[in-house]
Structure formats: structure tokens, C-alpha cells
Amino acid sequence: MPRKVRATPSPTGWRRLIARAPIHLYRWHLGAVTGSRLMLLTHTGRSSGLPRQVVVEITGRVPGTGAYHLASGFGPTSQWYRNIQHTPHVTIQVGRHRTKAVARPMTPEESGRAMAEYAPLHPRTARRLMAVCGIETDGSTEDYYAIGRDHIPFVEITPTPESSASATSP
């Protein structure tokens, strides 16, 4: 039976203001307040060429490489997701630590595994994400795998080795 997915546009109006509020914390040098679960991602607009920013939840880490996993909750049409596909060189900030990095869209299978790993660790947040995205789930690991594979693309953000020496802490 096909999954019910309700098309959910990116937030507008007051919801957009609330969603973008954490960006101001980083701009005011208060990024540490967000802890280690949120990241400020600075990317390049694919049409304008101008810097763009979004705060996204870190859904996982890769031991050894230090790479981060992020979910594009609004799917492949999210502006930040489309921008990193065009220009993968980004700057990230987690807490006070800022560094250059490279973004790589994960394959559907990798996205499925990442979602299946994330959901049991953060069940309430995963359920809320599904509700916001208009996706029905039975809450099983297998269902979350299918959702990640078919509906929610993930991105791997890997800090560049040369950036660790030049990273700044505001």
C-alpha cells in the first residue's frame, strides 16, 4: 500500500520567523546556547551566488571522519539542499566551533540507514518531523528506513582537513 505523504511547503510568515530564530543566536555569538544538536550551515545560493544560512539538526556523526549527517526535512526541494548540490563547499558552525566543510548528498540507501539509526535515538523528534513533513509512520525501524530512502534525503557534511588549522571560534 502506498504511503500517505502530504505535500508540506517550507514555512512562511511567523512560522518562518520562528524557524529562522536560531540563526540570530549564531549571529549574536551565542551559538553555544544551541548545544551540539544544531548546526549553522552557511551555503551559497545557486542563483544569486550569495551566502545563505540555515540552522539544521545534526542527526548523526561518523566516527573517525568527524562528518555530520543532516536530514532535509522538507525533502529534495529544500533551498539549502538544492544549493549544496550546486555548490558543495560550505561553512559550518556547531556551538562556537566554525570550520569549512564539503557537503555530499547521501544515496537513498544511506539516507534510509541514517533515518533508521536516528529515529530510535530521538523518537519524539522523529515523530514530530514526520508530522511536520506530512508523512505517516508506524514508528518501526523498517518504516523509518523506507521514509529516509524514499522521502527524506540526508546529507553528509565533512570538515575539510585544511580548515582545522584555520577554524575560528567567535
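## Burial and the model

A residue counts as buried when its relative accessible area is under 20%, as exposed when that area is over 50%, and as partly exposed in between, using a 1.4 Å probe and protein chains only. By that rule T34 is buried, because its relative accessible area is 14%.

This is a predicted model, in which local features need pLDDT of at least 70 and side-chain atom pairs count only at pLDDT 80 or more, while totals for chains, interfaces and linings use all residues. Residues are numbered from 1 along each chain as its sequence is written, and side-chain values use heavy atoms, with hydrogens and water left out.

## The overall fold

Let's start with the inventory. The protein has six helices and six strands, where helices (H or I, at least four residues) and strands (E, at least two) are DSSP runs numbered from the N terminus. Along the sequence, these elements follow the pattern α-β-β-β-α-β-β-α-α-α-β-α.

Of the 170 residues in the protein, 39% are buried. Contact here means heavy atoms within 4.5 Å. Among contacts in the protein with a separation of 6 or more, 64% are between residues 24 or more positions apart.

The six strands form a closed barrel in the order 1-2-3-6-5-4, with antiparallel pairing. From one strand to the next, the twist averages 45 degrees. Helix 3 (residues 108–121) packs on the sheet and touches strand 2 (51–61), strand 3 (68–71), strand 5 (97–105) and strand 6 (154–159). The direction of helix 3 makes about 90 degrees with that of strand 6; axes are lines fitted to C-alpha atoms, for helices over the stretch in contact, and angles run from 0 to 180 degrees between N-to-C directions.

As a reminder, strands of a sheet pair through backbone hydrogen bonds, either parallel or antiparallel. Two strands count as paired if DSSP finds at least two bridges between them. Strand 3 and strand 6 run antiparallel and are joined by four bridges, with H69 standing opposite E156 in strand 6. Strand 5 and strand 6 are also antiparallel, with five bridges joining them; here V102 stands opposite T158 in strand 6.

## Strand 4 and its neighbours

Five of its six residues are buried, so strand 4 is largely enclosed by the rest of the structure. On one side, three bridges join strand 1 (residues 38–44) to strand 4 (residues 89–94), the two running antiparallel; T42 has T91 of strand 4 as its bridge partner. Strand 4 is also joined to strand 5 by six bridges, again antiparallel, and Q93 has R98 of strand 5 as its bridge partner. The hairpin of strand 4 and strand 5 has two residues between the strands, and G95 takes a positive phi near 65 degrees there.

T91 lies in strand 4 and is buried, with a relative accessible area of 18%. Leaving aside residues up to four places away in sequence, T91 touches L40, L41, T42, R98, T99 and K100.

## Helix 3 and its helical partners

Helix 3 packs against helix 5 (residues 141–150) at an angle of about 140 degrees, with their axes 7 Å apart. The two are therefore oblique to each other: angles under 35 degrees count as roughly parallel, over 145 as roughly antiparallel, 65 to 115 as roughly perpendicular and the rest as oblique. Helix 3 contributes P108, E109, S111, G112, R113, M115, A116, A119 and P120 to the contact, and helix 5 contributes T141, Y144, Y145, G148 and R149. By class, these residues divide into seven nonpolar, four polar and three charged; Ala, Val, Leu, Ile, Met, Phe, Trp, Tyr, Cys and Pro count as nonpolar, Asp, Glu, Lys and Arg as charged, and the others, Gly among them, as polar.

Helix 3 also packs with helix 4 (residues 123–133), at an angle of about 120 degrees and with axes 5 Å apart. Helix 3 and helix 4 are therefore oblique to each other. Their contact is made by M115, Y118, A119, P120 and L121 of helix 3 and P123, T125, A126, L129 and M130 of helix 4. This contact has nine nonpolar, one polar and no charged residues.

## Back to T34

T34 sits in the loop between helix 1 (13–27) and strand 1. Not counting residues up to four places away in sequence, T34 touches L25 and Y26. T34 and V55 are 21 residues apart in sequence, and their C-alpha atoms are 9.8 Å apart in space.
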